[in-house]
Amino acid sequence: MIRALYFCMEEQWADLGRRYNITPAQQHILFLLATNQNVLSPSEIGELGCWHSSTVTRLLKPLKERGLIRIGVDKEKPRFKKVEITAKGSVLLKQLIDAVEVIENFPCNISCLSKEEVVNFLAYAQKILEVNKGEPFKQKVINGSMVPSDFSEKAIDYQI
């Protein structure tokens, strides 16, 4: 059931991605960067995106080639890399966010649920996430928001 729900949502992300020539996973990386002060290490991206390090490497390459991200050396830990969203990446992310705002029932139709059911669903999901990934991970996921001045008049906030 969870896999089927995931694919219901993934379909709309993929449709959006085709319009902007970016995969759902690459969209997710831009979002992760934007909700984390625009900079993360590849291992942090892997942790937050639930990807293996080799997958992160594969996903970052085309983003870098398109100038949507920069990959540099961490000044505090020279052995480690940092990934940063570029101005071009921020512009694309804003276009994606603007496109999502006008799509009815994005990323899937939940109009059959009451507000209380949606709140309960999200609360159950957070509880499951905490049990499986821990409280710090859960907090990173639910507290992700973008700075309003970077993308729109209002903050984009995905907490319940």
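Helices (H or I, at least four residues) and strands (E, at least two) are DSSP runs, numbered from the N terminus. The exercises below concern a predicted model, in which local features need pLDDT of at least 70 and side-chain atom pairs count only at pLDDT 80 or more, while totals for chains, interfaces and linings use all residues. Residues are numbered from 1 along each chain as its sequence is written, and side-chain values use heavy atoms, with hydrogens and water left out.

**Exercise 1. Describe the overall build of the chain.**

Step 1. Begin with the secondary structure: the chain contains eight helices and five strands. In sequence order, these elements give the pattern α-α-β-α-α-β-β-α-α-α-β-α-β.

Step 2. Consider the radius of gyration, which is taken over C-alpha atoms, and the globule rule, which is 2.2 Å times the number of residues to the power 0.38. The radius of gyration of the chain is 16 Å, close to the 15 Å that the rule gives for 160 residues, so the chain is as compact as a globular protein of that length. Along the principal axes, the C-alpha atoms fill a box of roughly 50 × 35 × 30 Å.

Step 3. Turn to burial, where buried means under 20% relative accessible area, exposed over 50%, and partly exposed in between (1.4 Å probe, protein chains only). Of the 160 residues in the chain, 29% are buried.

Step 4. Finally, examine contacts (heavy atoms within 4.5 Å). Among the contacts in the chain with a separation of 6 or more, 53% are between residues 24 or more positions apart.

**Exercise 2. Find the aromatic pairs and state the geometry of each.**

Step 1. Apply the criterion: rings of Phe, Tyr and Trp (its six-membered ring) pair if their centres lie within 6.5 Å, and planes under 30 degrees apart count as stacked, over 60 as edge-to-face and the rest as tilted.

Step 2. Tyrosine 6 is partly exposed, at 42% relative accessible area, and phenylalanine 7 is partly exposed at 40%.

Step 3. In the other, the rings of tryptophan 13 and phenylalanine 106 have centres 4.6 Å apart and planes at 80°, so this pair is edge-to-face. Tryptophan 13 belongs to helix α1 (residues 2-20) and phenylalanine 106 to the loop between α5 (87-101) and α6 (115-133), so the pair ties together parts that are 93 residues apart in sequence. Tryptophan 13 is partly exposed, with a relative accessible area of 32%, whereas phenylalanine 106 is buried, with 16%.

**Exercise 3. Determine how helix α2 and its residue glutamine 26 are placed.**

Step 1. Helix α2 is mostly covered, as eight of its 11 residues are buried. These buried residues are Pro24, Gln26, Gln27, Ile29, Leu30, Leu32, Leu33 and Ala34.

Step 2. Glutamine 26 lies in this helix, which spans residues 24-34, and its relative accessibility of 9% makes it buried.

Step 3. When neighbours within four places in sequence are set aside, glutamine 26 is in contact with Leu59, Pro62 and Leu63. Its C-alpha atom is separated by 9.5 Å from that of valine 56, 30 residues apart along the chain.

**Exercise 4. Is valine 83 buried or exposed, and which residues does it touch?**

Step 1. Valine 83 is located in strand β3 (residues 81-85). Its relative accessible area is 0%, and it is therefore buried.

Step 2. Not counting residues up to four places away in sequence, valine 83 touches Leu33, Asn38, Val39, Leu40, Pro42, Ile45, Leu60, Ile69, Arg70 and Ile71.

**Exercise 5. Identify the buried residues of helix α7 and their arrangement.**

Step 1. In helix α7 (residues 135-142), the buried residues are Phe137, Lys138 and Ile142.

Step 2. The arc is that of the directions from the helix axis to the C-beta atoms. These residues cover an arc of only 125° around the axis, which puts them on the same side of α7.
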